[in-house]
Amino acid sequence: QVQLVESGGGLVQGGGSLRLSCAASGLTFRNYEMGWFRQAPGKEREFVGAISRSGSTTYYADSVKGRFTISRDNAKNTVNLQMNSLKPEETAVYYCAAGRFLLSAVEVAKMNGWDYWGKGTLVTVSS
């Protein structure tokens, strides 16, 4: 059974930083692209970023480029999302996702391309 478990969410002041982690089990982690999405209250889930199987390629939504960084550790089956300069409007539940053969910026940004999802972790950014 595949499990993706996010952690690291919490309350942070605007301009602050937070590091989210996602621990994967039940799959061959190195064979999956990993992604992060978020869903703010009353809004649709949106793409944040993704990382290729080897970690050599990363993709980011324009809104987070230069502030967020995705990394992965295939030995530990984890993927991380470092978030800096957080804004109040980025308050959301952040979800980790795993998928295969997502090989372009267009493909990773589509929700229906991902096979597995975590339950999410709440990030609250205060103003």
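A nonpolar core is a set of buried Ala, Val, Leu, Ile, Met, Phe, Trp, Tyr and Cys residues joined through side-chain atoms within 4.5 Å. The legends below refer to a predicted model.

**View 1. The nonpolar core of the chain.** The largest such core holds 37 residues. Those with the most contacts inside it are Met34, Trp36, Phe68, Val79, Leu81, Met83 and Tyr94. At least two core residues each come from strand 3, strand 4 (33-39), strand 5 (46-51), strand 6 (58-60), strand 7, strand 8 (78-83), strand 9 (92-99) and strand 11 (121-126). Strand 9 gives the most, with five residues.

**View 2. The whole chain, for orientation.** The chain has one helix and 11 strands. From the N terminus, the order of elements is β-β-β-β-β-β-β-β-β-α-β-β. The C-alpha trace spans about 40 × 25 × 25 Å along its principal axes. The radius of gyration is 13 Å; a compact globule of 127 residues would have one near 14 Å, so the two agree. Of the 127 residues, 43% count as buried. Among contacts with a separation of 6 or more, 59% link residues 24 or more positions apart.

**View 3. The open sheet 1-3-8-7.** Four strands make up this sheet, in the order 1-3-8-7, with antiparallel pairing. Strand 1 (3-7) and strand 7 (68-73) are the edges; each has a single partner strand, so one side of each lacks a neighbour in the sheet. Neighbouring strands are turned by 15° against each other on average, direction ignored. Strands of a sheet pair through backbone hydrogen bonds, either parallel or antiparallel.

**View 4. Strand 1 against strand 3.** The two strands pair in the antiparallel sense over five bridges. Strand 3 covers residues 18-25. Ser7 stands opposite Ser21 of strand 3. Ser21 also has a bridge partner in strand 8, namely Asn80.

**View 5. Strand 8 and its two partners.** Six bridges join strand 8 to strand 3, and the two run antiparallel. Six bridges also join strand 8 to strand 7, again antiparallel. Strand 8 is mostly covered, with five of its six residues buried.

**View 6. The hairpin of strands 7 and 8.** Four residues lie between strand 7 and strand 8 in this hairpin. Asn77, in the turn, has a positive phi of about 55°. Phe68 stands opposite Met83 of strand 8.

**View 7. Leu81 and its surroundings.** Leu81 sits in strand 8. Its relative accessible area is 0%, so Leu81 counts as buried. Leaving aside residues up to four places away in sequence, Leu81 touches Leu18, Arg19, Leu20, Trp36, Val48, Phe68, Thr69, Ile70 and Tyr94. Leu20 is 61 residues from Leu81 along the chain, yet their C-alpha atoms are separated by 5.0 Å. Leu81 is one of the core residues with the most contacts inside the core.

**View 8. Met83 and its surroundings.** With residues up to four places away in sequence not counted, Met83 touches Gly16, Ser17, Leu18, Leu20, Arg67, Phe68, Tyr94 and Val123. Phe68, Met83 and Tyr94 are also among the residues with the most contacts inside the core. Leu18, Leu20, Phe68 and Tyr94 touch Leu81 as well.

Note on methods: Residues are numbered from 1 along each chain as its sequence is written. This is a predicted model: local features need pLDDT of at least 70, side-chain atom pairs count only at pLDDT 80 or more; totals for chains, interfaces and linings use all residues. Side-chain values use heavy atoms; hydrogens and water are left out. Two strands pair if DSSP finds at least two bridges between them. Axes are lines fitted to C-alpha atoms, for helices over the stretch in contact, and angles run from 0 to 180 degrees between N-to-C directions. The radius of gyration is taken over C-alpha atoms; the globule rule is 2.2 Å times the number of residues to the power 0.38. Buried means under 20% relative accessible area, exposed over 50%, partly exposed in between (1.4 Å probe, protein chains only). Contact means heavy atoms within 4.5 Å.
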